[in-house]
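Q: Could you take a close look at one helix of this model for me, with its packing and its surroundings?
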Amino acid sequence: MPLVADAVAVIVNLVLLACALPLAMRLVPLQNLFGFRTKASTASEKAWYTLNAAFGKTVSAICGAAVAAGAVMLGVRYGTDAPFWEYGFALLYAVAAVSLAAGVAAARIALRRMDDDRE
């Protein structure tokens, strides 16, 4: 597989990381364009920041690790002719999808904790 196709797998995770970091750092105000948007997350500013921070931290951690691994794999891959590296790059796409699912799960857990605190 050419370098461009392998690099795209890393770039996908890098873009997700760049989108998730402002959410994790609570820099994105409640609005209609960007963020983890559900009825629960838009119910109040506290819910917005709490749920988006949980989502963003999870996605950032997973995608950050994937970007680091991908950078190492790119460096090693193009120093060898071993064909098994292609499977590693293909897995980076799966990691991107899993990071989003894990982010949603983290936001749901944060929502449950908020509900428990209200009681």
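A: Val104 is found in helix H3, where helices (H or I, at least four residues) and strands (E, at least two) are DSSP runs numbered from the N terminus. A word on the basis: this is a predicted model, in which local features need pLDDT of at least 70 and side-chain atom pairs count only at pLDDT 80 or more, while totals for chains, interfaces and linings use all residues. Residues are numbered from 1 along each chain as its sequence is written, and side-chain values use heavy atoms, with hydrogens and water left out.

With a relative accessible area of 30%, Val104 is partly exposed; buried means under 20% relative accessible area, exposed over 50%, and partly exposed in between (1.4 Å probe, protein chains only). Not counting residues up to four places away in sequence, Val104 touches Phe36 and Phe55, contact being heavy atoms within 4.5 Å. Val67 is 37 residues from Val104 along the chain, and their C-alpha atoms are separated by 20 Å.

Phe36 and Phe55 are among the residues that touch the most other members of the largest nonpolar core, which has 16 residues; Leu16, Leu51, Val59, Cys63 and Ala107 are the others. Such a core is a set of buried Ala, Val, Leu, Ile, Met, Phe, Trp, Tyr and Cys residues joined through side-chain atoms within 4.5 Å. H1, H2 and helix H3 (85–118) are the elements that give two or more residues to this core, and H2 supplies the largest share, six residues.

Leaving aside neighbours within four places in sequence, Leu51 is in contact with Phe36, Ala40, Ser41, Ala107, Ala110 and Leu111. Cys63, placed in helix H2, counts as buried at 0% relative accessibility. Beyond four places in sequence, Cys63 touches Asn13, Leu16, Leu17 and Ser99.

Now for the helix pair. Helix H1 (residues 3–24) and helix H2 (residues 45–77) pack at an angle of about 155°, with their axes 7 Å apart. That makes H1 roughly antiparallel to H2. Axes here are lines fitted to C-alpha atoms, for helices over the stretch in contact, and angles run from 0 to 180 degrees between N-to-C directions; under 35 degrees counts as roughly parallel, over 145 as roughly antiparallel, 65 to 115 as roughly perpendicular and the rest as oblique. The residues of the contact of H1 with H2 divide into 17 nonpolar, six polar and three charged. Here Ala, Val, Leu, Ile, Met, Phe, Trp, Tyr, Cys and Pro count as nonpolar, Asp, Glu, Lys and Arg as charged, and the others, Gly among them, as polar.

The C-alpha atoms of Met73 and Ser44 are separated by 43 Å.

Finally, the loop between H1 and H2 holds Arg26 and Ala43. Arg26 has a positive phi of about 60° although it is not a glycine, and is partly exposed at 42% relative accessible area. Ala43 counts as exposed at 64% relative accessibility.
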